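Trainee: Could you walk me through how to read a few features here, with the general idea before each case?

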Amino acid sequence: MNDLNDLLKTISLSFIFFLLLSLPTVAEADVTNKVNYSKDVIYQVVTDRFSDGNPGNNPSGAIFSQNCIDLHKYCGGDWQGIIDKINDGYLTDLGITALWISQPVENVYALHPSGYTSYHGYWARDYKKTNPYYGNFDDFDRLMSTAHSNGIKVIMDFTPNHSSPALETNPNYVENGAIYDNGALLGNYSNDQQNLFHHNGGTDFSSYEDSIYRNLYDLADYDLNNTAMDQYLKESIKFWLDKGIDGIRVDAVKHMSEGWQTSLMSEIYSHKPVFTFGEWFLGSGEVDPQNHHFANESGMSLLDFQFGQTIRNVLKDRTSNWYDFNEMITSTEKEYNEVIDQVTFIDNHDMSRFSVGSSSNRQTDMALAVLLTSRGVPTIYYGTEQYVTGGNDPENRKPLKTFDRSTNSYQIISKLASLRQTNSALGYGTTTERWLNEDIYIYERTFGNSIVLTAVNSSNSNQTITNLNTSLPQGNYTDELQQRLDGNTITVNANGAVNSFQLRANSVAVWQVSNPSTSPLIGQVGPMMGKAGNTITVSGEGFGDERGSVLFDSTSSEIISWSNTEISAKVPNVAGGYYDLSVVTAANIKSPTYKEFEVLSGNQVSVRFGVNNATTSPGTNLYIVGNVSELGNWDADKAIGPMFNQVMYQYPTWYYDISVPAGKNLEYKYIKKDQNGNVVWQSGNNRTYTSPTTGTDTVMINW
């Protein structure tokens, strides 16, 4: 009998142990969706300037500034400092759900002749080692574990455009742009025997082409059409993905070819799909159609500089008004295919701080309230919650000395970050203007039956609001900010009319109702590009607890996991092209479609296509079109271009770097298009070419 009890005990313990092994880890349980971020709030830290948790890893000598007197030098911040601020509750109480950290890789150690150092992480030396002044791999692993166990994702900066400062004529300039692969030298800039770098001088920013194929300032510019460099950078980002990274911010995307970056994104999404966004800087008032095209076609999102510059103009500089802001919201909703995927902000490391002194704290609070209730993925720059001031680089990168949780900004971020998690209208909703003049903007975010109404008065006087209508149901609504910005209660009648009320001077009020849909509604799909077999995540609500199906047009996909708010599925084996997605529940209820997921024709490689002796008249440009979706499927309206003809090759030779399926027999032709859309096709038979299975290539023909 005792033997039987022991046996039963052993079986029971084995079963319990099996169940424990089957459960997700803390990191998996708390940080599940690495792709769809629109309900998240990102907190950007310049690692060296956030918190010095381990003074023992600080550099010595000329590159370190004690007490951060010289902002061009290292000041001591590290991963231990971030860990400490997660563990003591500063970041968790703030409500942020993602951390964007400085590029974690080893950077150059040399002091720039102008007195600058690589504290910012943008002067890479070896992408497969850590920056020792941030910490070692054990420290990084602890950062990932600590963040994940507290429900926080980690996004890394990544610089695939360049290594470090270099001069062609001076091998001793800084570290000569040297790049290493886990300690083994790949090459230098001034003795570039493998052609790892471009050698076309510095860009004058005069054209898109010029900015891609010339150096950005004195930074050694990678030749991404070089197979060794292509493979090294792709290996490197996969290395960090395997270390647990949940997202990527790609530096200087305007300065690399879209084709190579699309092939990079295909590699990332095939390896481990994570949210990826790029930096395409736009100045105040600048609108660039190429920016929109990149966000729609490259496979990654962008930092939304149109949003950031406009909100700064309205509330910081007072050079624009709410009509301008509403026009930006309306236009970008049309220009970006997935406007809720673009990353919004009010300041960052590339611009002056939003706060300029204690007198501007109110404007900072108001801007944060608008940021956190608007479409997009909101990002808080470290210290904005403490009203840190500073002009342009490096004054905007001061060390954070105060971690006060009682500031109004800290409390506003905390409350609205929580609301983004609980009310789907803030993550997925469309935006409708409800009341507008130069000083007042009242806008509504709606997703299904969930609604958030935000009212802003940026004038110095109270304003009476009449004739306001809303989708909020009948009832009384109190301010979700609990009057931290002098908000008030409103009364909504049965017909949606709001009783007149006073909107106080320099105030923001937020009213909401959260009523999740019981019918399927897709809020977000990520990523929105991938080949057959890649994993995508469909977020929304009303999917039900029993498995239904996800359709690409009419083709069902394989379901990996299913819940009422999130589905993981695989891209089905369909031809390359664009597909509308829908969810069909187990009860056979179909959702509205989510438009234009791009299915790639297979693994992608970057190929430079070029043609000689293609003369054109003024206003006419060259394009390429071919037999796969990546080349427009023979549709002249979807041809790739306009091609370049100034830097790598000169007119009448044209060239363009394009992401195409690997190991594929391609057919293509070049076409000429004038400003009126008239097309002249290249004569003769279709040109044929077999793309490489890996790496890069160049194919040149004559017109």
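Mentor: Let's start with Pro527, which sits in the loop between strand 25 (521-526) and strand 26 (529-530). Helices (H or I, at least four residues) and strands (E, at least two) are DSSP runs, numbered from the N terminus. This is a predicted model, where local features need pLDDT of at least 70 and side-chain atom pairs count only at pLDDT 80 or more, while totals for chains, interfaces and linings use all residues. Residues are numbered from 1 along each chain as its sequence is written, and side-chain values use heavy atoms, with hydrogens and water left out.

Trainee: What kind of peptide bond joins Gly526 and Pro527?

Mentor: As a rule, most peptide bonds are trans. The bond between Gly526 and Pro527 is cis, with omega about -15°. The bond from Tyr651 to Pro652 is cis too, and its omega is near 10°. You'll find Pro652 in the loop between strand 35 and strand 36 (654-661).

Trainee: And phi? What is the phi of Asp486?

Mentor: Most residues other than glycine have a negative phi. Asp486 is not a glycine, yet its phi is positive, at about 60°. Look for Asp486 in the loop between strand 20 (475-477) and strand 21 (490-492). Asp553 belongs to the loop between strand 28 (549-552) and strand 29 (555-556), and at 39% relative accessibility it is partly exposed.

Trainee: Now helices. How many residues does helix 13 have, and how many of them are buried?

Mentor: For length, compare the end-to-end reach with the expected span, which is 1.5 Å times one less than the number of residues. Helix 13 (residues 361-373) reaches 19 Å from its first C-alpha to its last, close to the 18 Å expected. As for cover, 12 of the 13 residues in helix 13 are buried, among them Met366, Leu368 and Val370.

Trainee: At what angle do helix 13 and helix 14 pack?

Mentor: Axes are lines fitted to C-alpha atoms, for helices over the stretch in contact, and angles run from 0 to 180 degrees between N-to-C directions. Helix 13 and helix 14 (residues 408-422) pack at about 10°, with their axes 10 Å apart. They are therefore roughly parallel (angles under 35 degrees; over 145 is roughly antiparallel, 65 to 115 roughly perpendicular and the rest oblique). Contact means heavy atoms within 4.5 Å, and the residues making it include Leu368 and Leu372 of helix 13 and Ile412 and Leu416 of helix 14. By class, this contact has seven nonpolar, four polar and two charged residues (Ala, Val, Leu, Ile, Met, Phe, Trp, Tyr, Cys and Pro count as nonpolar, Asp, Glu, Lys and Arg as charged, and the others, Gly among them, as polar).

Trainee: What else do the buried residues of helix 14 pack against?

Mentor: Besides helix 13, they pack against helix 5 (90-94), strand 14 (377-381), helix 15 (424-428) and strand 24 (507-513).

Trainee: Is the crossing of helix 11 and helix 13 left-handed or right-handed?

Mentor: A crossing is left-handed if the near helix is turned anticlockwise from the far one by less than a right angle, and right-handed if clockwise. Helix 11 and helix 13 make a right-handed crossing. The axes of helix 11 (residues 305-315) and helix 13 come within 10 Å and cross at roughly 145°. Phe307, Ile311 and Leu315 of helix 11 meet residues of helix 13 including Met366 and Val370. The contact has seven nonpolar residues, one polar and no charged ones.

Trainee: One last thing, is Ile245 buried or exposed?

Mentor: Ile245 is buried, at 0% relative accessibility. It lies in the loop between helix 8 (227-242) and strand 10 (247-250). Not counting residues up to four places away in sequence, Ile245 touches Phe140, Met144, Val154, Met156, Trp240 and Val274. Follow that to Val154, which is in strand 5 (residues 153-158) and is buried at 1% relative accessibility. The C-alpha atoms of Val154 and Ala98 are 5.6 Å apart, though 56 residues separate them along the chain.

How values were computed:
Buried < 20%, exposed > 50% of the residue type's maximum accessible area, 1.4 Å probe, protein only.
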